[in-house]
Amino acid sequence: MKIQEIKVFVCSPGRNFVTVKVITDEGTYGLGDATVNGREMAVVAYLEEHVAPCLIGRDPQEIEDIWQYLYKGVYWRKGPITMAAIAAIDMALWDIKGKIANLPVYQLLGGKSRKGVTFYAHANGENIDDTLDKAQEHIENGFKAIRLQSAIPGLKVTYGVLGDKKDYFELQGSRPLPPEEEWSTAKYFNSIVELFKKARERFGYDVHFTHDVHSRLTPIEAAKLGKLLEPYNLLFLEDAAIAENQDSYKIVRHHTTTPLAIGETYNTIWDCKDLIQNQLIDYIRVAATHAGGITALKRITDFASVYNVKTAPHGAPDLSPVCFAAHMHLNIWAPNFGIQEFVGFGNEGLNRIFKHKFTVENGMGMMSEAPGLGVEFDEAAAAEYPYKRSYLPVSRLEDGTLWNW
Ligand code: CS2
Ligand code: MG
């Protein structure tokens with residue numbers, strides 16, 4: 001069996017998605033997600049110009065060697081663009097292997113470790129009561145875990161809360177250029193503890209809550225937040241501080257027992273090696289698309305299990321259903337799976353383009369027995385939603401200083 005053709009598609013049903021299709025000479029094909037939000041065309045160029053030509057004629061069954069070839073074989077290792085390209089090829093090859101074996105990918109990984117995949121849903125509100133009303137809806141729909149985010153009083157735009165805008169395209173207007181958001185750590189501290197206090201008063205302690213700080217705090221501020229939130233028993237605090245300097249998480253860890261989660265922007269095992277090995281975190285949030293695919297995530301998952309770190313893969317709407325499928329197969333297998341972020345199965349356009357067979361039952365994702373990843377991609381429908389340039393916002397302090405996003 002040989003790889004005959006590699007096609008790269010960019011479509012935009014509300015968000016841009018880069019999808020890779022690896023086609024074999026025997027007619028089987030596999031799908032991969034290579035979406036890097038705001039950098040889509042850079043991955044397309046890397047895939048088309050530098051990756052695809054090297055793989056034509058190769059045996060698609062040699063997943064490991066192809067992974068090593070694309071990672072070790074190049075002089076410029078790592079980085080989000082390279083790793084997303086590797087990830088998409090890797091997912092497509094696992095998809096092909098599953099289809100050849102007529103088995104879902106999770107069976108190739110070692111089979112099921114659980115009956116379903118526990119999700120956490122998002123409750124993003126304009127104020128605390130609005131956030132809690134949204135949380136209530138999720139609880140009524142059977143979710144056992146919810147991420148709570150609320151607009152910060154006194155700030156014009158808060159991360160994760162779109163206000164009257166329906167999506168990020170609308171937030172950017174017709175220019176499009178990066179929208180700007182304001183940040184004030186002092187204002188954030190004035191309202192954040194109240195959110196969890198009221199949440200526990202209203203819902204008790206049976207439901208799990210998480211919160212995403214989106215890297216806005218310094219390590220010592222993150223430590224303080226973790227400490228203040230201890231009485232409210234969070235499942236985890238996400239991206240409490242940036243950990244480019246992985247050592248800095250020692251400061252957070254040594255001051256609080258609130259569990260810590262990080263990793264959605266990480267691209268390799270090296271980005272989280274020290275955090276995991278020094279047991280500075282509790283959940284690793286790497287995404288298959290951004291950290292080298294199923295092959296790489298399996299390796300990170302096994303490494304994490306040695307140090308009691310669980311997986312909680314990134315599940316934002318800018319990861320395509322193909323990446324979500326890759327996560328589902330890893331999640332149902334991983335002995336140290338923690339929880340999967342879940343924002344719903346998208347809008348009508350997305351569902352026309354990507355067809356999957358997952359169902360949600362009581363806040364859990366249930367797998368189908370479809371071979372491979374179990375996702376179909378409708379090329380004609382994708383062509384109806386062409387690429388639109390788009391940026392994530394930037395964050396500034398109230399005096400204009402550029403801040404972490
Ligand atoms: C967020 C993301 O889901 C999350 O945890 O941090 O929404 C993130 O902002 C986007 O994926 C950025 O591309
Ligand atoms: Mg996040």
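Reader: Which residues are closest to ligand 1, and how many surround it?
Author: There are 14 residues around ligand 1, and the closest are His214, Glu238, Glu264, Asp318 and Glu341. Near here means having a heavy atom within 4 Å.

Reader: Before we go on, what kind of model is this?
Author: It's a predicted model, where local features need pLDDT of at least 70, side-chain atom pairs count only at pLDDT 80 or more, and totals for chains, interfaces and linings use all residues. Residues are numbered from 1 along each chain as written, chains are lettered from A and ligands numbered from 1 in written order, and side-chain values use heavy atoms, leaving out hydrogens and water.

Reader: OK, which polar side-chain atoms lie by an oxygen atom of ligand 1, say from Glu341?
Author: Glu341 has one at 2.6 Å from a ligand 1 oxygen. For Arg285 the distance from a side-chain N or O atom is 3.2 Å, and for Arg147 it's 3.4 Å. A polar contact is a pair of N or O atoms within 3.5 Å.

Reader: How much of ligand 1 does the protein bury?
Author: 89% of the 340 Å² that ligand 1 exposes when taken alone. Those areas come from the Shrake-Rupley method with a 1.4 Å probe.

Reader: And what's the shell made of, by class?
Author: Seven charged, four nonpolar and three polar residues. Asp, Glu, Lys and Arg count as charged; Ala, Val, Leu, Ile, Met, Phe, Trp, Tyr, Cys and Pro as nonpolar; the others, Gly among them, as polar.

Reader: Switching to the metal: what coordinates the magnesium ion?
Author: Asp212 through OD, plus Glu238 and Glu264 through OE, at 1.9 to 2.2 Å. Donors are N, O and S atoms within 2.8 Å of the metal (3.2 Å for Na, K and Ca), and sites may look incomplete because water is not among the atoms.

Reader: Where do Asp212 and Glu264 sit in the chain?
Author: Asp212 is in strand β7 (residues 208–212), while Glu264 is in the loop between β9 (260–262) and α10 (273–277), 52 residues apart. Helices (H or I, at least four residues) and strands (E, at least two) are DSSP runs.

Reader: Is Asp212 buried or exposed?
Author: Buried, at 3% relative accessible area. Glu264 is buried too, at 12%. Buried means under 20%, exposed over 50%, partly exposed in between (1.4 Å probe, protein chains only).

Reader: New topic: why call α3 largely enclosed?
Author: Because 16 of its 22 residues are buried. After α3 comes Asn102, with a positive phi near 60 degrees.

Notes
A polar contact is a pair of N or O atoms within 3.5 Å; within protein, one must be able to donate a hydrogen and the other to accept it, and residues adjacent in sequence count only if both atoms are side-chain atoms.
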